[in-house]
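Biologist: I am new to reading protein models, and I would like to learn how to do it step by step. Could you show me one and take me through it?

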Amino acid sequence: MVRILILNGPNLNRLGKRNREIYGSTSMEQALVDIQRAFPDAYFEYRQSNHEGDLIDYLQQAMDDETGITGVVLNAGGLTHTSVSLRDAVEDAMNEGVRVVEVHISDIRARETFRRESLLTDVCAHSIIGHGINGYKEAIQWLIN
């Protein structure tokens, strides 16, 4: 069985409520229901935190052989552009054989200048940027294939 960690960073607990014109009106709870329906044979663990250290801890736990996590779908939110520590944790996970796919709901390359650079892209196995909430499903499909 494929085991995937879906990991969301700061403010993504507000999906469906915050900046709907950018992020849409679907809550993460609804997105998770849709994901499970689309991939009934996969196991998903979902974590969200507004704290950088928590995200790093979750990634490090995913590297633990006992978890059985084979891939991570990571939407690091604003930490994408600022966190060298999170970047290092992603790189470590990749080096340990846990594939990480970066996801962004909006097209960060078409937004404010400070959002255009991702510190994560070059250490992730794949990136899906600007495909809306469906980017999570695309990332999962990529990990399964």
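Modeller: We will go through the sheet, a helix, the cores and a few loop residues in turn.

Modeller: First, this is a predicted model, so local features need pLDDT of at least 70 and side-chain atom pairs count only at pLDDT 80 or more, while totals for chains, interfaces and linings use all residues. Residues are numbered from 1 along each chain as its sequence is written, and side-chain values use heavy atoms, with hydrogens and water left out.

Biologist: How do I read a sheet, and what is the order of the strands here?

Modeller: In general, strands of a sheet pair through backbone hydrogen bonds, either parallel or antiparallel. Helices (H or I, at least four residues) and strands (E, at least two) are DSSP runs, numbered from the N terminus. Two strands pair if DSSP finds at least two bridges between them. Here, five strands form an open sheet in the order S2-S1-S3-S4-S5, with parallel pairing. S2 and strand S5 (126-129) are the edge strands, each pairing on one side only. On average, neighbouring strands of this sheet are turned by 20° against each other, direction ignored. For angles such as this, axes are lines fitted to C-alpha atoms, for helices over the stretch in contact, and the angles run from 0 to 180 degrees between N-to-C directions.

Biologist: How many bridges join S1 to S2, and how many join S1 to S3?

Modeller: S1 and S2 run parallel and are joined by six bridges; within this pair, Ile4 stands opposite Phe44 in S2. Between S1 and S3, also parallel, there are five bridges, and Asn8 stands opposite Asn75 in S3.

Biologist: Is S1 mostly covered or mostly open?

Modeller: Here you need a cut-off: buried means under 20% relative accessible area, exposed over 50%, and partly exposed in between (1.4 Å probe, protein chains only). Five of the six residues of S1 are buried, which makes S1 mostly covered.

Biologist: Now a helix, please. Which residues of H3 are buried?

Modeller: In helix H3 (residues 52-62) they are Leu55, Ile56, Tyr58, Leu59 and Ala62. Seen down the axis of H3, these buried residues fall within an arc of 160°, so they line one face of the helix. The arc is that of the directions from the helix axis to the C-beta atoms. Those residues pack against strand S1 (3-8), strand S2 (43-48), strand S3 (71-75), helix H4 (84-95) and strand S4 (99-104).

Biologist: How are two packed helices described?

Modeller: The description uses the angle between their axes and the distance between the axes. For H3 and H4, the axes come within 9 Å and cross at roughly 5°. Angles under 35 degrees count as roughly parallel, over 145 as roughly antiparallel, 65 to 115 as roughly perpendicular and the rest as oblique. H3 and H4 are therefore roughly parallel to each other. Contact means heavy atoms within 4.5 Å, and here Glu52, Leu55, Ile56 and Leu59 in H3 meet Ser85, Leu86, Ala89 and Val90 in H4.

Biologist: What is a nonpolar core?

Modeller: In soluble globular proteins, nonpolar side chains tend to be buried together. A nonpolar core is a set of buried Ala, Val, Leu, Ile, Met, Phe, Trp, Tyr and Cys residues joined through side-chain atoms within 4.5 Å. The largest one here has 22 residues, of which Leu7, Leu59, Val72, Leu74, Leu86, Val90 and Val100 touch the most other members. S1, H3, S3 and H4 are the elements that give two or more residues to this core, and H3 gives the most, with five residues. Apart from this core lies another, of 20 residues, among them Tyr23, Phe39, Ile105 and Ile140.

Biologist: Finally, the loops. Is Ser83 buried or exposed?

Modeller: Ser83, in the loop between S3 and H4, is buried, with a relative accessible area of 1%. Leaving aside neighbours within four places in sequence, Ser83 is in contact with Glu52 and Leu119. By contrast, Glu117 lies in the loop between S4 and S5 and counts as exposed at 55% relative accessibility.
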